[in-house]
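Here is a short briefing on one protein–ligand model. Please look over the sequence and structure first.

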Amino acid sequence: MALTPAAWWRTAAIYQIYVRSFADGDGDGIGDLAGLRRRLPYLRELGVDALWLTPWYVSPMADAGYDVADYRDIDPVFGTLAEAEELIADVHAHGLRIIIDLVPNHCSERHPWFREALAGGPARDRFWFLPGRGEHGELPPNDWRSYFGGPAWTPVGEGQWYLHMFAPQQPDLNWESAEVRAEFEDILRFWLDRGVDGFRVDVAHGLVKKDGLPDVGPDPDPADLPYQDRDGVHEIYRSWRRVADAYEGERVFVGEVWLPTPAQFARYLRPGELHSAFNFEFLVGAWEAGPVREVIAATLDTHAAVGAPPTWVLSNHDTIRHVTRYGRERTAFDMGDKRHGAPSDLELGVRRARAAALLTLALPGGVYVYQGDELGLAEVEDIPAELLQDPTWERSGHTDRGRDGCRVPLPWSGDQPPFGFSPPEAAAEPWLPQPAAWKGLTAEAQAADPRSMLALYRAGLALRRDLVAGLAQTLTWLEAGAGVLVFARPAGEAGAAGGFVCVVNFTAQAVPLPAHEEVLLASAPVVDGLLPAEAAAWLRR
Ligand code: GLC
């Protein structure tokens, strides 16, 4: 299969692989590169253009690999560097591209640099070591809180503390250090030389800290925090861009940029900086016609202003699966939410998730599919407490169950755990337990059912590739009744497939479809020209 050239990332459908939970090749109950390589035909058939893999590097796994001890090697639990190289070649041979996760804000406490720093001396300049406050330095240097809960500082003796915006095992790197900058440019080249097509940049808004690391204070302005979105961060991305642009093909950066205002966000996507970023505003929004239309319109404006492609994302490895969110009374999501237990009508959640799939696949720009979205998986909310692994659980003093519920190993086949996740002869159980009810949701079961979520994603991704991606990268809103959104995508330069319309019915009643020649695809059966409640359809006018 030939790779489409030039600016592929502007309209790509990118599938997020949470490596630990995708497919286990060696039978230890943890996903790995061998397992992933065997499942590449599934991804090609699904119809995505590229894969984004969560961190595969050597790591003590204090935060599931987002604590990197060696940026130039693969953790033995996932495989070897040679296998990673073979995987990159295999991915390309399947007509797909591969984006890897880069974690520049912090490394692991086991990284040689941090071990050296603990011993003292100038090696500390690569991190944030500061004297504590109080008479003997017994208080943290400032009032910053870790994103995982608790203070963002850990003492190392003699009144000295180090900064970690995440877990204590993830010391923040000091991007004022020329060595840190040079090291990451070198890491980029290491992987670009091995053929990766791009990087997802972890915590892209966080690398640079405000001079003097001042207190946040009791009533901070969320748009002006001392530990994120400092002006100096943009120079880092400009320098990375120069590194990547020197390579053949379009090698890209996708930013994980969580910021409160679209204006702040857009600055990361200016020409010469990151190519694109995840649209979290869309992800966290309520599933209601008004707010959805507003966020789409705002997204298009924000991105048009800087010439970057918008992206659409419904779920990832840090959030509650959208089948569960959309089945709840309050469908909007806030990272600080208590994640567990709010009642959810999963049947409704699935209907809405089907509609949301067609909506996101129909919009201009790029789209992300998190592994398991295509199977309609819900959040697993009953993992026994003693099996929870996300550091959030401990750090929150057992008040936030964290993100494990969206990270449960995928069900592939068969009618009992591990559902083909591990080879049949495997002794180990999956690293997180799978619900027995996933029996009907395996990829195998859904492949055989034309009404399944998997069948819907396959059809949607195929039509997107053949038709939708080639349309002009804009949309026009059409007249619609209350609770219904209708938009058209004008024909692209190629002129071909004009007249594409997407209709989303957010209401609890069926609504008549606008005039059309053909229903190309629908998330629920259209009968007598009526689009059912909580459903979406693609039309040719
Ligand atoms: C990002 C990752 C998340 C990780 C954190 C710290 O938000 O998506 O999984 O815990 O960064 O690296």
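The notes below cover the ligand site, the domains, the nonpolar cores and the backbone.

This is a predicted model, in which local features need pLDDT of at least 70, side-chain atom pairs count only at pLDDT 80 or more, and totals for chains, interfaces and linings use all residues. Residues are numbered from 1 along each chain as its sequence is written, and side-chain values use heavy atoms, with hydrogens and water left out.

**Ligand site**

- The ligand has 14 residues around it, and D63, H106, D202, E256 and D318 come nearest. Here a residue is near if one of its heavy atoms lies within 4 Å of the molecule.
- By class, this shell holds 7 charged, 4 nonpolar and 3 polar residues. Asp, Glu, Lys and Arg count as charged; Ala, Val, Leu, Ile, Met, Phe, Trp, Tyr, Cys and Pro as nonpolar; the others, Gly among them, as polar.
- D318 places a side-chain N or O atom 2.5 Å from a ligand oxygen.
- For D202, the corresponding distance to an oxygen atom of the ligand is 2.7 Å.
- R200 has a polar side-chain atom 2.9 Å from a ligand oxygen.
- On its own, the ligand has 310 Å² of accessible area, and the protein covers 96% of this. Areas come from the Shrake-Rupley method with a 1.4 Å probe.

**Domains**

- The chain is divided into domain 1 (8-103 + 278-458), domain 2 (112-163) and domain 3 (474-540). These bounds come from an automatic or database domain assignment.
- The C-alpha centres of domain 2 and domain 3 are 56 Å apart.

**Nonpolar cores**

- The largest nonpolar core has 150 residues, and Y15, L43, W56 and W240 have the most contacts inside it. Such a core is a set of buried Ala, Val, Leu, Ile, Met, Phe, Trp, Tyr and Cys residues joined through side-chain atoms within 4.5 Å.
- Helix 11 (residues 346-362) gives the most to this core, with 8 residues. Helices (H or I, at least four residues) and strands (E, at least two) are DSSP runs, numbered from the N terminus.
- Another core lies apart, with 14 residues, including W128, L163, V203 and L213.

**Backbone**

- Most residues other than glycine have a negative phi, and most peptide bonds are trans.
- A64 has a positive phi, near 50°. A64 sits in the loop between strand 3 (57-58) and strand 4 (70-74). At 16% relative accessibility, A64 is buried (under 20%; exposed is over 50%, partly exposed in between; 1.4 Å probe, protein chains only).
- H398 also has a positive phi, about 60°. H398 is partly exposed, at 42% relative accessible area.
- P417 and P418 are joined by a cis peptide bond, with omega about 5°. P418 lies in the loop between helix 12 (391-395) and helix 13 (443-447).

Key:
Polar contact = N/O pair within 3.5 Å; in protein donor to acceptor, adjacent residues only side chain to side chain.
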